[in-house]
Amino acid sequence: MNALELDGVDAFYDESHVLHDVSMTISAGEIVALLGRNGAGKTTTFRAITGLIDRTGTLTHHGTDVSAMSAESIARGGVALVPEARRVFPSLTVRENLQLARDVCDDPRSIDSVFEQFELLASLAEQPGRTLSGGEKQLLSIARALVQDPSLLLLDEPTEGLAPVIVETLQSLLQEIAGEKLTVGLAEQNAEFALSLAQRAYIIENGRIVWNDTVEALEANEELLERHLAVSKPTR
C-alpha cells in the first residue's frame, strides 16, 4: 500500500500558482527523496501535503483521502512535518519540548523510548532549548515529531547548516528509524545525503516534477544530476 499519494496537485500562495500538477507516491516503509535547487518547490510540496497552504488535486494517506482535511486533522492522522526552520521552544527544556509534543497527540510514544534513540538529547534532557546548538535543535525537532508516533515523517532540508559530524549522526538515525513502521519523505539539496538513504527519488523544478525513478537510475545519470541539481555524481 502507498503511505502517500499525490495526484495532480496544484498549490497556491494567495494568487501565485506555485505547484503544477504534482503527482508522486511513497510506499509504506520507504524513504523517498524530493530533490531540487533552492526555490524549486520542495518545501511547498510538503506544506501542501500537510494542509498548510491552499491546494487542489487529490492527496491520499494510507488509503484515506485527506485532500479536504485541516492541517491539524492530517497531523493527528499520522503525518508529521519537520520544517526547515528548527522551531524549538527556547525557554523549555528538551524534555519539556518533547512533553508538549506528546500533549497534542492521541497516542504518543514515551519520552524515554525516544531518548533511547536520541542518546545525545537524553544527555541534554534538562537543558533549555536556547542553549542547544543548531545540530542539537535539529535532532530535537525530529524527536518532537517522532514522539507523536507518526506513520509518515516529512523532513524539510534536515542537513542545512549542520556540521558534518551531526549530518553523520542524522544519517545513522534515519537508517535506524525508517522501515516497516515509519515512512520518510526527505526534501533535500544535499543529494549525496539524500541518495545514501532513499530508495527512489523525484526531482522538482519550478513547481513541477521533471523526473522520478530509482536512486540507482539517478546515480547512473550524471548529466541529469548536473542539469537539475548542479552536483556531480554522489560517492558512497
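Mentor: The model is predicted, so local features need pLDDT of at least 70, side-chain atom pairs count only at pLDDT 80 or more, and totals for chains, interfaces and linings use all residues. Residues are numbered from 1 along each chain as its sequence is written, and side-chain values use heavy atoms, with hydrogens and water left out.

Trainee: What makes β7 and β8 paired strands?

Mentor: Strands are DSSP runs of E with at least two residues, helices are runs of H or I with at least four, and both are numbered from the N terminus. Two strands pair if DSSP finds at least two bridges between them. Strand β7 (residues 152–156) and strand β8 (residues 183–188) are joined by 5 bridges, so they meet the definition. They run parallel. Leu155 has Leu186 in β8 as its bridge partner.

Trainee: What is the order of strands in the open sheet?

Mentor: The 6 strands run β6-β7-β8-β3-β9-β10, with mixed pairing. β6 (79–82) and β10 (208–214) each have a single partner strand, so they stand at the edges and one side of each lacks a neighbour in the sheet. From one strand to the next, the twist averages 15 degrees.

Trainee: Which strands does helix α10 touch?

Mentor: Helix α10 (residues 222–229) packs on the sheet and touches β3 (31–35), β9 (200–205) and β10. Contact means heavy atoms within 4.5 Å. The direction of α10 makes about 40 degrees with that of β9. Axes are lines fitted to C-alpha atoms, for helices over the stretch in contact, and angles run from 0 to 180 degrees between N-to-C directions.

Trainee: Why does Arg55 have no salt bridge?

Mentor: A salt bridge needs a side-chain nitrogen of Lys or Arg within 4 Å of a carboxyl oxygen of Asp or Glu. For Arg55, the nearest side chain of opposite charge is Asp54, 7.5 Å away. Lys and Arg count as positive and Asp and Glu as negative; His and the chain ends are not counted. Arg55 is buried and sits in strand β4 (residues 54–61).

Trainee: What does the side chain of Arg55 reach?

Mentor: It reaches the backbone oxygen of Ala48 at 2.6 Å and the backbone oxygen of Ser67 at 2.6 Å.

Trainee: How do you know that Glu157 and Lys42 form a salt bridge?

Mentor: Their N to O distance is 3.2 Å, and the cut-off is 4 Å. Glu157 lies in the loop between β7 and α7 (164–177) and Lys42 in helix α1, 115 residues apart.

Trainee: Why are Glu157 and Lys42 called buried?

Mentor: Buried means under 20% relative accessible area, exposed over 50%, and partly exposed in between (1.4 Å probe, protein chains only). Glu157 has 5% and Lys42 has 4%, so both are buried.

Trainee: What makes Arg37 and Glu205 a salt bridge?

Mentor: Their closest N and O atoms are 3.7 Å apart. Arg37 lies in the loop between β3 and α1 (42–49) and Glu205 in strand β9, so the pair ties together parts 168 residues apart in sequence. Arg37, at 35%, is partly exposed. Glu205, at 27%, is partly exposed.

Trainee: Where do Arg76 and Glu72 lie?

Mentor: Both are in helix α2 (residues 71–76), 4 residues apart, or about one helical turn. Arg76 is partly exposed at 42%, while Glu72 is exposed at 52%. Salt bridges that share partners join Glu72, Arg76 and Asp106 into one network.

Methods. Polar contact = N/O pair within 3.5 Å; in protein donor to acceptor, adjacent residues only side chain to side chain.
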